[in-house]
Amino acid sequence: MKDTIAAIATGHQVAAIGIVRLSGPEAILCADRLFRPYAGGALREQADRKLVFGELRGLQGELLDICLCTVSRGPNSYTGEDTAEFQCHGSPMLLRTLLQELFRLGARQAGPGEFTKRAFLNGRMDLSAAEAVIDLIDAESEEAVRNAAGQLSGAIHRKAEKIYSTLAGVSAHFHAVLDYPDEDIEEFELQNYSESLREGLRTLESLLGTFERGRVMNSGIPAAIIGLPNAGKSSLLNALLGYDRAIVTEVPGTTRDTVEEKVRLGDLTLRLIDTAGIRSTEDVVERMGVERSLAAAKEADLALLVIDGSVPLTQADQEAIAAAQQAPRRICILNKSDLGSVVSGVPDAVSLSCKTGAGL
């Protein structure tokens, strides 16, 4: 990590503020070449973490922006290295121009997550905190934000550190007795540590038990929409999303491949997977779509089985019900309630009309 990296830290859309960051041995010197404080002096002479107001100029001396800049010297910085940050007006072209000037000074483009990687490698954060950074950036719900923030503050690290200290103490006592049998050391009895070991085991099991909840918060619930052709699967997808994402026609087999979209329902995110209609077919492409439908139902956490409730159940419907039962959770949706319902006795069933929205 002897090189200096630079990257745009904000989005690439037009905004009020745009930030460019540097980290590495030449970070402060690179920033100093381009920034001139209005208060006089050089940027490299400024105190750490102090916002300095001044002019941003290119290597040819042309004015690029009037902005703020701050520096932090290692090891007391985010990455543990010397860092600098430009807080400019949020023009994407301005930020790219600044980045090009920094590249001419010897900095290089930072890779994805490289600032956090350097923080981890330099001991500024542990692995769980480094992973929490990307979880926080990718969070799609308030609960996911709180969960990632808790990990970032060291909640998991503190629990793991306590278990590690207990095990290290047990190991140290054991090896002391083993290596120095003639010394006056308390005899090693494993039962003396049984309660602390059981407490550590309970903590690990508790952490393991939160994995599924964390996965749902971060990735959403895979929900496969399955059923026969023309039952209303794509119509259900469009209704839940609030716009026409999938093509809907009266021609059976319109959907040939899986279509995936996310939708927020309360505090949860559903990863809706619209699938091809389940039926026997000689069409090679459609048959591949049916196979993907069955696989999606098997791998989903939730199966949304759509049945045309306006006509009696068929053997094909029974096969679709069997496919839905492979998912750990399922909801049977009796669609087309506006045409009248003749289906009853189906477990976990709700009535719906995707056409009118009744029951949605």
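Buried residues are those with under 20% relative accessible area, exposed ones have over 50%, and partly exposed ones fall in between (1.4 Å probe, protein chains only). Helices (H or I, at least four residues) and strands (E, at least two) are DSSP runs, numbered from the N terminus. The model is predicted: local features need pLDDT of at least 70, side-chain atom pairs count only at pLDDT 80 or more, and totals for chains, interfaces and linings use all residues. Residue numbers start from 1 along each chain as its sequence is written, and side-chain values use heavy atoms, with hydrogens and water left out.

The protein chain contains 11 helices and 13 strands. Of its 360 residues, 40% count as buried. Contact means heavy atoms within 4.5 Å. Among contacts in the protein chain with a separation of 6 or more, 55% are accounted for by residues 24 or more positions apart. The protein chain exposes about 20100 Å². Carbon and sulfur atoms supply 55% of that area. Accessible areas come from the Shrake-Rupley method with a 1.4 Å probe; for residues, only the protein chains shown count as cover.

Helix H1 spans residues 27-34. This helix is mostly covered, with six of its eight residues buried. They are Ala27, Ile28, Cys30, Ala31, Asp32 and Leu34. These buried residues pack against E2, E3, E4, E5, E6 and H2.

In soluble globular proteins, nonpolar side chains tend to be buried together. A nonpolar core is defined here as a set of buried Ala, Val, Leu, Ile, Met, Phe, Trp, Tyr and Cys residues joined through side-chain atoms within 4.5 Å. The largest such core has 26 residues. Leu22, Phe86, Cys88, Leu98 and Leu102 touch the most other members. Two or more residues each come from strand E1 (5-8), strand E2 (15-23), H1, strand E4 (52-57), strand E5 (63-72), E6 and helix H2 (92-104). A second, separate core of 18 residues includes Val216, Ala223, Leu236 and Leu241. Leu22 illustrates the packing in the largest core. Leaving aside neighbours within four places in sequence, its contacts include Ile5, Ala27, Cys30, Phe86, Leu102 and Phe115. Asp82 and Thr83 are also among them.

Aromatic rings were examined next. Rings of Phe, Tyr and Trp (its six-membered ring) pair if their centres lie within 6.5 Å; planes under 30 degrees apart count as stacked, over 60 as edge-to-face and the rest as tilted. The structure holds four aromatic pairs. Phe35 and Phe86 form an edge-to-face pair, at 6.5 Å centre to centre and 65° between the planes. This pair links distant parts of the chain: Phe35 is in strand E3 (residues 35-37), Phe86 is in strand E6 (residues 83-90), and 51 residues separate them. Both Phe35 and Phe86 are buried. Phe174 and Phe188 also pair edge-to-face, at 5.4 Å centre to centre and 70° between the planes. Phe174 lies in helix H6 (residues 155-179) and Phe188 in the loop between H6 and helix H7 (194-209), so the pair ties together parts 14 residues apart in sequence. Phe174 is partly exposed, with a relative accessible area of 38%. Phe174, Phe188 and Tyr193 form one aromatic cluster.

Charged side chains were searched for salt bridges (a side-chain nitrogen of Lys or Arg within 4 Å of a carboxyl oxygen of Asp or Glu). The whole structure has 14. Glu81 bridges to Arg118, with the closest N and O atoms 3.0 Å apart. Glu81 is buried, at 10% relative accessible area. Arg118 is buried too, at 2% relative accessibility. Arg118 also meets Glu114 in a salt bridge (3.6 Å, N to O). Both of these residues lie in H3, four residues apart, about one turn of the helix. Glu114 is likewise buried. A network of salt bridges links Asp3, Glu81, Arg108, Glu114 and Arg118. Elsewhere, Glu195 forms a salt bridge with Arg202, the closest N and O atoms being 3.0 Å apart. Glu195 is partly exposed, with a relative accessible area of 42%. Arg202 is partly exposed as well, at 45%.
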